[in-house]
Amino acid sequence: MKLASRKAIAAVVAGAVAMLLAIPHVRGALEADMAWHMLVEVPLVVGIGAVATGFAPRAGAAFARIDRMGLAGWLFASLVLAYWMIPAALDAALASPATNSAKFATLAAAGFALKASASRSPLALEAFFVGNFAWMSATAGLLYQEAEAQLCLNYLADGQQRAGRGLVMVSIACGIAWLVARRRRLGLELERRVNRRAAG
């Protein structure tokens, strides 16, 4: 499939998802359960932001000026995702429409930054941040499962348990997905190092 066709399909899907999330009943249904909130709504909004990079070249060019080797984008996205894993942050988003709007804006910006930074970041930098996110997700997931009391005021303990199990699975999936996506670059990098050692 041609790149233009893939971009068009991604844009249609992202637009449809954005319209669905704009419907209060749909958004309310997702946010009524901690697992759906963290494991479905959050990734969908990040994905919308990632798709937007292909349709905002000026914003991408402006961001590139401060995003040397992708460091700023990866750091920003990591901080945003870490913040929205905090139970108190989820409670605040449910309690305040302004905070919930900020959640959507920052998560979309994180997706934009991740996609833009991935095009210029070295493998070592990506591996560091992907590994850090996987560790952070797994740790949060285990804490959610082991907590004796509910951590969110708005969610029951069973939803917390499911969110915790889901975060652990997300941490594993992220590592595998990154390795699959970067297998060609990893192979080329390994081949270059082998050839360099052989020549030396």
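# Chatting through a helical chain

Reader: Hi! Where is the place of Asp67?

Author: Hello! Asp67 sits in the loop between helix H4 (57–64) and H5. Keep in mind as we go that this is a predicted model.

Reader: Got it. Is Asp67 buried or exposed?

Author: Asp67 counts as buried, because its relative accessible area is 1% and the cut-off for buried is under 20%.

Reader: What is Asp67 in contact with, leaving aside its neighbours within four places in sequence?

Author: With those neighbours set aside, Asp67 has contacts with Ala72, Gly73, Ser117 and Arg120. For Gly73 there is a distance to look at: a polar atom of the Asp67 side chain lies 2.8 Å from the backbone nitrogen of Gly73.

Reader: Nice. What about Met69, where is that found?

Author: Met69 is also in the loop between H4 and H5. Its phi is near 60°, which is a positive value in a residue other than glycine. Most residues other than glycine have a negative phi.

Reader: Let's zoom out. How many helices and strands does the protein chain have?

Author: The chain has ten helices and zero strands. Reading along the sequence, you get the pattern α-α-α-α-α-α-α-α-α-α.

Reader: And what does the C-alpha trace span along its principal axes?

Author: The trace spans about 60 × 40 × 30 Å. The protein chain has 200 residues, and 34% of them count as buried. Its accessible surface comes to about 11,700 Å², with 70% of that belonging to carbon and sulfur atoms.

Reader: How about contacts, what share comes from residues 24 or more positions apart?

Author: Among contacts with a separation of 6 or more, residues 24 or more positions apart account for 76%.

Reader: Okay, on to the inside. Which residues in the largest nonpolar core touch the most other members?

Author: That core has 28 residues, and the ones touching the most other members are Met34, Met38, Met85, Leu107 and Tyr144. Helices giving two or more residues to this core include H1 (3–21), H3 (34–52), H7 (97–118) and H9 (157–181). H3 gives the largest share, six residues.

Reader: Which residues is Met34 in contact with, leaving aside neighbours within four places in sequence?

Author: Met34 is in contact with Leu90, Tyr144, Cys152, Tyr155, Gly159, Gln160 and Ala163. There is also a second, separate core of six residues, with Trp74, Leu123, Leu125 and Trp178 among them.

Reader: You mentioned Leu90. Which residues are buried in H6?

Author: In H6, the buried ones are Pro87, Ala89, Leu90, Asp91 and Ala93. The buried residues of this helix pack against H3, H5, H7 and H8.

Reader: Is each one buried or exposed?

Author: Arg182 is buried, because its relative accessible area is 17% and the limit is under 20%. Arg183 is exposed, with a relative accessible area of 58%, because exposed means over 50%.

Reader: What does Arg182 touch, not counting residues up to four places away in sequence?

Author: Arg182 touches Ala118, Leu123 and Glu126. Leu123 is a name you have met already, as part of the second core.

Reader: Last one: how many positive and negative side chains does the protein chain have?

Author: There are 20 positive and 11 negative side chains, and the centres of the two sets lie 17 Å apart.

Conventions: Residues are numbered from 1 along each chain as its sequence is written. This is a predicted model: local features need pLDDT of at least 70, side-chain atom pairs count only at pLDDT 80 or more; totals for chains, interfaces and linings use all residues. Side-chain values use heavy atoms; hydrogens and water are left out. A nonpolar core is a set of buried Ala, Val, Leu, Ile, Met, Phe, Trp, Tyr and Cys residues joined through side-chain atoms within 4.5 Å. Buried means under 20% relative accessible area, exposed over 50%, partly exposed in between (1.4 Å probe, protein chains only). Helices (H or I, at least four residues) and strands (E, at least two) are DSSP runs, numbered from the N terminus. Contact means heavy atoms within 4.5 Å. A polar contact is a pair of N or O atoms within 3.5 Å; within protein, one must be able to donate a hydrogen and the other to accept it, and residues adjacent in sequence count only if both atoms are side-chain atoms. Accessible areas come from the Shrake-Rupley method with a 1.4 Å probe; for residues, only the protein chains shown count as cover. Lys and Arg count as positive and Asp and Glu as negative; His and the chain ends are not counted. The place of a charge is taken as NZ of Lys, CZ of Arg, CG of Asp or CD of Glu.
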